[in-house]
Amino acid sequence: MPEKRKHHYVPEFQLAFFTSDGTKNGEFYVFDLEQKIIRKSKPHNEAHKANLYMPDAGALAGAADPAAARTQFEDFFTGMESDVAPVIKRVVEAGKLPTDIKDRVWIWYFVAMNIFRTPEFLQQADVNAMQVAQQLALHTFSSDEIWKQYQARKAAEGKPVDDAERTRLIGLFRKYPNAVTLNKGSILGIIPTAIELAVPLLAKRHWRVEALAPEGGDLVLPNCPVTLTQRRSVVPMNLGGLRAEDTLMLLPLSPRTLLVSSFGVLEPTTETAAVNGNTAAYHSLEQRGDIANKSACVFARRPDFPIVAADGTITTFRAVFPEFRIAGV
């Protein structure tokens, strides 16, 4: 079987809910926030990057089984998707949470997967990992005891280092914050761990599924599907953010089904536009042209959707952003 190169960071089964007919072969509209274009597409063609979950050559060279290492992370997500897809389908059809605790656990895994498998998380994890590695390196070279252990290890490898090298390395790491780099395999290895650590935190939250009325308009799905807000501010999507108690978490499951959670009592969300307003806020759409995430896009069943304008009134995306044009028109 040929190796998969197109790695979806939003599962195709999840994208399928937002197509015109709710199937993976159906069409939806993609609101490209960088190109300011609204275009038709299908789930198979969206929310993926080539070799996103493949370790780099350095990591593969050191692996005991390079062939297995090439696909281990994509296989990990594929296996998780096969377990969560039937659960999410039942939630969308029923419009409510399952009573079975095993199904609820799969929902928490689904939420965590939506948070930690995106290119944005990988990029941020890379930055955070480099910062931690730099701090560790500075600590290693600044501590007399640890430096002696490092010298002994290098001497055993036949690569002795003296105190002049210690001074040079300390200066290097202070001058160049990104002097320490990690291979892609190490960064990818963070994802399964982050998911496992997140599930118990998500289990502590109160959860509800909202089945929204058709007259409110459709929900849309951003390519970073989970939104975590604190009042009107966006909360960093990391383990620290998941511990923040005064937060509201939103994950659209379909154009009519919304997964909501908080640490306190949840009031019903009466307007679809308010939900889409929060989704849009996540992509910095309140200020025209100020799009923080240049790779951001939104998937919608129709060529427009309701949002909350800056003055608090309910309007539509294209009314606020007329510069977005429909491709081919």
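**Helix packing, cores and selected residues in a predicted model**

Lys154 lies in helix H6, which spans residues 144-156; helices (H or I, at least four residues) and strands (E, at least two) are DSSP runs, numbered from the N terminus. With a relative accessibility of 18%, Lys154 counts as buried, a word that here means under 20% relative accessible area, whereas exposed means over 50% and partly exposed covers the range in between (1.4 Å probe, protein chains only). When neighbours within four places in sequence are left aside, Lys154 is in contact with Lys159, Pro160 and Val161, contact being defined as heavy atoms within 4.5 Å.

The structure is a predicted model, in which local features need pLDDT of at least 70 and side-chain atom pairs count only at pLDDT 80 or more, while totals for chains, interfaces and linings use all residues. Residues are numbered from 1 along each chain as its sequence is written, and side-chain values use heavy atoms, with hydrogens and water left out.

Turning to the chain as a whole, the protein chain holds 12 helices and 14 strands. Its length is 329 residues, of which 48% count as buried. Among contacts in the protein chain between residues at least 6 apart in sequence, 70% join residues at least 24 apart.

The axes of helix H3 (residues 66-94) and helix H4 (residues 101-116) come within 9 Å and cross at roughly 120°. Such axes are lines fitted to C-alpha atoms, for helices over the stretch in contact, with angles running from 0 to 180 degrees between N-to-C directions. H3 and H4 are therefore oblique to each other, since angles under 35 degrees count as roughly parallel, over 145 as roughly antiparallel, 65 to 115 as roughly perpendicular and the rest as oblique. The crossing of H3 past H4 is left-handed; this term applies if the near helix is turned anticlockwise from the far one by less than a right angle, and right-handed applies if it is turned clockwise. On the H3 side the contact is made by Phe77, Met80, Glu81, Asp83, Val84, Val87, Ile88, Arg90 and Val91, and on the H4 side by Asp103, Trp106, Ile107, Tyr109, Phe110 and Met113. The residues of this contact between H3 and H4 comprise 11 nonpolar, no polar and 4 charged, where Ala, Val, Leu, Ile, Met, Phe, Trp, Tyr, Cys and Pro count as nonpolar, Asp, Glu, Lys and Arg as charged, and the others, Gly among them, as polar.

H3 also meets helix H9 (residues 190-203): their axes come within 10 Å and cross at roughly 35°. Here Phe73, Phe76, Phe77 and Met80 of H3 touch Ile191, Pro192 and Ile195 of H9. The contact of H3 with H9 consists of 7 nonpolar residues, with no polar and no charged ones.

The axes of H4 and H9, in turn, come within 9 Å and cross at roughly 130°, which makes H4 oblique to H9. This crossing of H4 and H9 is right-handed. From H4, the contact draws on Trp108, Tyr109, Val111, Ala112, Met113 and Phe116; from H9, it draws on Ile191, Ala194, Ile195, Glu196, Ala198, Val199, Leu202 and Ala203. In the contact of H4 with H9, 13 residues are nonpolar, none is polar and 1 is charged.

In soluble globular proteins, nonpolar side chains tend to be buried together. In this model, the largest nonpolar core has 54 residues, and Val111 and Phe116 touch the most other members. A nonpolar core is a set of buried Ala, Val, Leu, Ile, Met, Phe, Trp, Tyr and Cys residues joined through side-chain atoms within 4.5 Å. Another core lies apart from the largest one and has 15 residues, including Val298, Ile307, Phe317 and Phe321.

Leu33 is found in the loop between S2 and S3 and, at 1% relative accessibility, counts as buried. The C-alpha atoms of Leu33 and Ala296 are 5.7 Å apart in space, although the two residues are 263 residues apart in sequence. Lys36 lies in the loop between strand S2 (28-32) and strand S3 (37-41). Lys36 is not a glycine, yet has a positive phi of about 55°, and is partly exposed with a relative accessible area of 27%.
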